[in-house]
Amino acid sequence: QVQLVESGGGLVEPGGSLRLSCAASGFALDYYAIGWFRQAPGKEREGVSCMSSDGRTYYGDSVKGRFTFSRDNAKNAVYLQMNNLKPEDTAVYYCATDRFKYCSGSWGSWGQGTQVTVSS
């Protein structure tokens, strides 16, 4: 059974950092492209970052230079290091698998999400 579980969210002050984790079971995470998304209340879901199976990584303009996507094949997990957080980064963050090895935008399995709140 394919499962993704996010963790690492929480409350942080502006300028702070968090590292989100997305642990996979039932399949090898490095076989597919993996994406991070976020959705704030009243807003549409936004793509944050995507990593293809060969490690190429893409970032949304709003997080470029602040967020870093990494993968640990041994742990079958991916991570999103978020630095210099801003109040506008507040959202529920999700990871999802693409149906392909490259970032096609055809998303398959989703995690349950983890809340990130940036506030003083």
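A residue is described here as buried when its relative accessible area is under 20%, as exposed when that area is over 50%, and as partly exposed in between (1.4 Å probe, protein chains only). The structure is a predicted model, in which local features need pLDDT of at least 70 and side-chain atom pairs count only at pLDDT 80 or more, whereas totals for chains, interfaces and linings use all residues. Residues are numbered from 1 along each chain as its sequence is written, and side-chain values use heavy atoms, with hydrogens and water left out.

Strands are DSSP runs (E, at least two residues; helices are H or I runs of at least four), numbered from the N terminus. Two strands are taken as paired if DSSP finds at least two bridges between them. On this basis, 4 strands form an open antiparallel sheet in the order S1-S3-S8-S7. Ala23 has Ala77 in S8 as its bridge partner.

Disulfides were assigned to pairs of cysteine sulfur atoms within 2.5 Å, and the count comes to 2. In one of them, the sulfur atoms of Cys22 and Cys95 are 2.0 Å apart. The link of Cys22 and Cys95 is right-handed, with 70 degrees about the S-S bond. Cys22 lies in strand S3 and Cys95 in strand S9 (residues 91–98), so the pair ties together parts that are 73 residues apart in sequence. Cys22 is buried, at a relative accessible area of 0%, and Cys95 is likewise buried, at 0%. A disulfide is also formed by Cys50 and Cys103, again with sulfur atoms 2.0 Å apart. The link of Cys50 and Cys103 is left-handed, with -100 degrees about the S-S bond. Because Cys50 belongs to strand S5 (residues 46–51) and Cys103 to the loop between S9 and S10, this pair connects parts 53 residues apart in sequence. Cys50 is buried, with a relative accessible area of 8%, whereas Cys103 is partly exposed, at 28%. With bonded cysteines counted along the chain, the disulfides follow the pattern 1-3, 2-4.

Aromatic pairs were defined by ring centres within 6.5 Å for Phe, Tyr and Trp (its six-membered ring), with planes under 30 degrees apart counted as stacked, over 60 as edge-to-face and the rest as tilted. A search of the whole structure finds 7 such pairs. Trp36 and Phe69 form an edge-to-face pair, at 6.5 Å centre to centre and 70 degrees between the planes. Trp36 lies in strand S4 (residues 34–39) and Phe69 in strand S7 (residues 67–72), so the pair ties together parts that are 33 residues apart in sequence. Both Trp36 and Phe69 are buried. The ring centres of Phe37 and Trp107 are 4.8 Å apart and their planes stand at 90 degrees, so this pair is edge-to-face. Phe37 and Trp107 are both buried, and together with Tyr94 and Trp110 they form one aromatic cluster.

A charge is assigned to a ring face if NZ of Lys or CZ of Arg is within 6 Å of the ring centre and within 35 degrees of the ring normal. Arg45 lies over the face of Phe37, at 5.4 Å from the ring centre. Lys101 lies over the face of Tyr31, at 3.5 Å from the ring centre.

Salt bridges require a side-chain nitrogen of Lys or Arg within 4 Å of a carboxyl oxygen of Asp or Glu, and the count comes to 5. Arg38 forms a salt bridge with Asp89, the closest N and O atoms being 2.8 Å apart. Arg38 is in strand S4 and Asp89 in the loop between S8 and S9, 51 residues apart. Both partners are buried, Arg38 at 5% and Asp89 at 0% relative accessible area. Asp89 also meets Arg66 in a salt bridge (2.7 Å, N to O). Arg66 counts as buried, at 9% relative accessibility. Arg38, Glu46, Arg66 and Asp89 are linked in a network of salt bridges.
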